[in-house]
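Trainee: I am new to this one. Could we look at it together?

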Amino acid sequence: MKRLVVVESPTKARTISKYLPQEQFRVEASMGHVRDLPASASQIPESVKGKSWARLGVNVEDGFEPLYVIPPDKKKIVRELKTALKDADELFIATDEDREGESIGWHLVQVLNPKIPVRRMVFHEITQEAILNALDNTREIDHNLIDAQETRRILDRLVGYSISPLLWRKIKPKLSAGRVQSVAVRLIVHRERERMAFVPASYWDLKAKLEQKGQLFDATLSQYKGLRIATGRDFDDETGQLKSSLKEGKDVLLLSEKEARELAARLPEDTWKVASVEERTVKRSPAPPFITSTLQQEASRKLKLSARDTMRVAQNLYEQGYITYMRTDSTNLSKEAVEASQNAVVQRYGEEYLHPGTRNYSSSVRNAQEAHEAIRPAGNKMLSKADLNLTGIEGALYDLIWKRTVASQMKDARLRLSTVLIDVGPEDEVARFKSNGRRVEFPGFFRAYVEGSDDPEAAIEDRDQPLPELAEGDQPDCKEVEPVGHETKPPARYTEASLIKTLEKQGIGRPSTYATIIDTIISRGYIKRRSNQLVPTFTAFATTNLLEQEFQQLVDVGFTAGMEQVLDDIASGATSAKPYLDSFYQGKDGLESRVEGGLDKIDARLVSTITSSKWGEYLVRVGRYGPYVELEKNGERLTAALPEDVAPADLTQEDLARFVEQGNEDDVVVGIHPEEELPILIRKGPYGPYIQLGDDEQEGKPKRISLPKGVLPQDVDLEKAVGLISLPRTVGSHPESGEDVKAHIGRYGPYVQHRKVYASLAQEDDVLTVGMERALELLAKKEGKSKAVRTIGNHPESGEPLDILEGRYGPYIKYQKINASLPKGTEIEAVTMEQALELIAAKAAAKGKGRKRKTTRKKK
């Protein structure tokens with residue numbers, strides 16, 4: 001009997017194949033979904049073109065039936081699967097065990113239309129034991145899970161395809177709205193609004209350096225004359241004044257700089273006396289094993305990985321059989337995983353570190369989805385990264401997962417905390433200082449894992465901050481008292497880690513979708529990364545203004561979390577999809593009527609206007625070509641384009657005044673070009689200043705080029721202007737190809753070019769002087785050839801080379817613009833042309849996948 005097993009990816013297929021007899025099983029990959037809603041008008045079947053709902057890909061006139069099509073890049077895969085099916089006696093659907101995997105499997109069955117028995121096998125780790133157990137315990141396809149996934153897909157399509165055209169008309173083209181992405185953008189915009197409204201406050205306190213029995217320690221002023229010293233938490237963010245609930249001189253004391261300096265000068269001469277000593281022991285328990293969101297947060301903090309990169313590496317680890325399924329809301333560990341963790345604790349750290357009994361954890365995620373197991377090392381041996389010979393970023397992420405899992409079964413850490421109050425000064429003017437100490441009595445799980453720290457041992461040392469032995473009545477020596485000024489800080493911008501934490505806490509979206517959400521809002525121009533901060537653009541402000549005005553419910557955190565609960569109810573069979581979709585889209589005040597009403601109701605100019613109390617008479621608008629500042633002065637409307645990378649909350653009135661002044665200056669004549677005998681002008685454009693050869697009077701379009709970023713108009717002399725207007729320039733001949741290497745300025749700034757490879761120049765590089773050595777370095781880095789290890793040969797059809805390169809995530813094959821990772825354990829020298837072509841073809845098919853895909857289901 002021959003059995004066909006279908007999974008999503010080639011890597012997963014290869015790993016599973018190792019555990020199944022080849023003469024009985026054939027394992028193939030579907031490359032994700034084989035059907036989806038139409039991605040463009042060209043994919044809409046002729047039979048429904050012209051229907052009012054065809055553009056949506058959802059028949060809103062007949063039960064919200066989705067219109068599924070096989071994308072062009074999947075037709076070959078479907079043909080190959082159908083051919084493989086002809087030789088099979090049974091079909092096993094072995095896609096992932098979540099809603100998405102269930103949907104992929106169901107679509108496969110619908111497309112392949114098998115006439116043989118179909119079995120659904122599920123597993124949360126790819127080990128021999130798990131695969132064989134899944135074969136022996138198959139089940140039917142779960143249509144409740146499919147309904148939930150399909151409903152989510154329809155909701156996303158209805159929101160995106162209904163609201164996005166409204167954004168195009170009212171704000172600017174090519175914008176998009178999303179059921180979850182728009183809520184995420186709104187959270188980030190709200191935080192930036194808080195920063196714009198923030199008014200800093202200044203306050204002072206004192207820091208004393210004391211000595212007891214030869215040991216130095218610090219203490220901070222906490223009270224003076226019986227009143228608590230004001231700290232940052234006592235001030236209102238929007239006024240910079242003490243909160244209205246506090247009265248200065250009655251509830252708290254706000255020290256001035258003068259008072260702080262006077263006290264600092266007087267107190268060292270007085271007697272310092274310990275008023276009280278309080279000690280207590282506290283316990284710290286280990287965090288639960290990883291779920292998707294906590295893995296993304298910790299990988300961001302410890303490994304500096306984006307959510308997308310974290311999921312990509314985790315996917316590779318899962319498909320190679322090293323960890324359990326990485327999309328999960330559950331913190332549960334199986335019995336074998338607990339036993340393996342306990343054994344690892346004893347072997348690595350000793351019996352004294354093992355928690356008595358089993359630690360069980362409950363999920364803190366709102367509306368936690370299907371009860372998978374937590375993310376942990378696969379199997380029952382708890383092998384370390386060294387045991388598996390894992391290196392690089394895969395090894396680092398695996399080690400993070402291993403330590404978190406093992407730590408979850410270790411004893412609590414015990415800390416001894418001490419608080420000492422020390423008084424100084426006359427009885428009616430007593431200044432009370434506080435000093436806090438901490439000592440690790442027993443490190444417990446700290447020995448293996450400390451959240452946010454790369455080095456557990458170093459983290460233990462950091463937590464160990466003991467005070468000297470002190471008793472009531474002791475009189476420590478004062479070495480110095482320093483006045484310390486403080487200024488309150490605005491709310492911190494979101495990072496990927498903190499945004500994911502907020503989304504999870506509020507029940508918005510699913511952990512498995514967070515990486516995609518963040519990628520989407522960045523790629524669509526709503527958010528920019530600045531270091532590790534997520535900074536909203538003015539386009540994000542305008543879009544949020546429109547959605548809050550006309551679609552308040554859609555961007556409401558509670559409403560969005562409620563939608564997730566509905567999807568969970570559909571997945572559990574507690575409710576059906578159609579009534580909810582009908583109410584959401586066509587009900588009273590539903591999406592359809594809101595969009596129709598918004599066409600006439602929404603004031604495009606108003607929603608695209610952003611103001612701040614700190615900007616005075618200046619305001620910012622979002623136009624068709626980007627944001628610009630506007631000022632009414634003496635009855636004249638002055639405008640100027642804003643730089644693309646400006647952060648809204650960082651803009652000051654002085655900045656805006658400078659942009660307006662520079663943007664409305666007359667053209668500057670730098671000089672006459674020595675060869676062309678034409679004037680060279682510096683002019684202002686919507687994207688910043690640029691140089692132009694000629695004054696629009698000569699025949700033909702004048703040559704223009706943007707000023708490089710960081711070069712100010714006043715810094716451009718005739719020599720530099722001639723050099724810039726003469727670009728592109730030839731840097732030299734490439735040592736391998738003999739072809740020119742050129743330097744030029746493009747839409748995204750200065751770059752060097754060789755053939756079809758473009759490499760951006762760094763800020764310190766000068767496009768007019770960059771040399772061949774530096775150009776080759778940048779080009780090699782761009783191509784990845786700086787770490788090329790082998791050339792396999794030339795492609796049999798195109799004749800272009802297939803190279804094996806060494807990348808951040810391990811070796812990969814590069815062909816044209818396609819990069820295909822080598823399977824784990826593959827020897828570089830052993831890769832044949834046939835294997836390379838197979839990997840490249842699989843990667844090319846996956847690249848065309850784009851969005852997640854789904855399909856039509858017959859009514860039950």
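Trainee: What volume does the second largest cavity have?

Mentor: This is a predicted model, where local features need pLDDT of at least 70, side-chain atom pairs count only at pLDDT 80 or more, and totals for chains, interfaces and linings use all residues. Residues are numbered from 1 along each chain as its sequence is written, and side-chain values use heavy atoms, leaving out hydrogens and water. A cavity is a set of points on a 1 Å grid over the protein atoms alone where a 1.4 Å probe fits but cannot get out; points are joined across faces, edges and corners, and the volume is the space filled by probe spheres set on them. For the second largest cavity that volume is about 30 Å³.

Trainee: Which helix gives the largest share of the lining of the second largest cavity?

Mentor: Lining residues have an atom within 4 Å of a point, and here they are Ser176, Ser182, Val185, Tyr526, Thr543, Thr544 and Leu547. Helices are DSSP runs (H or I, at least four residues), numbered from the N terminus, and helix H6 (181-197) and helix H15 (538-550) each give two or more residues. The largest share, 3 residues, comes from H15.

Trainee: How much space lies in the largest cavity?

Mentor: Its lining includes Val159, Phe551 and Val555. The space in the largest cavity is about 40 Å³.

Note on methods: On a 1 Å grid over the protein atoms alone, a cavity is a set of points where a 1.4 Å probe fits but cannot get out, and a pocket is an open set with protein on both sides within 12 Å along at least five of seven lines; lining residues have an atom within 4 Å of a point.
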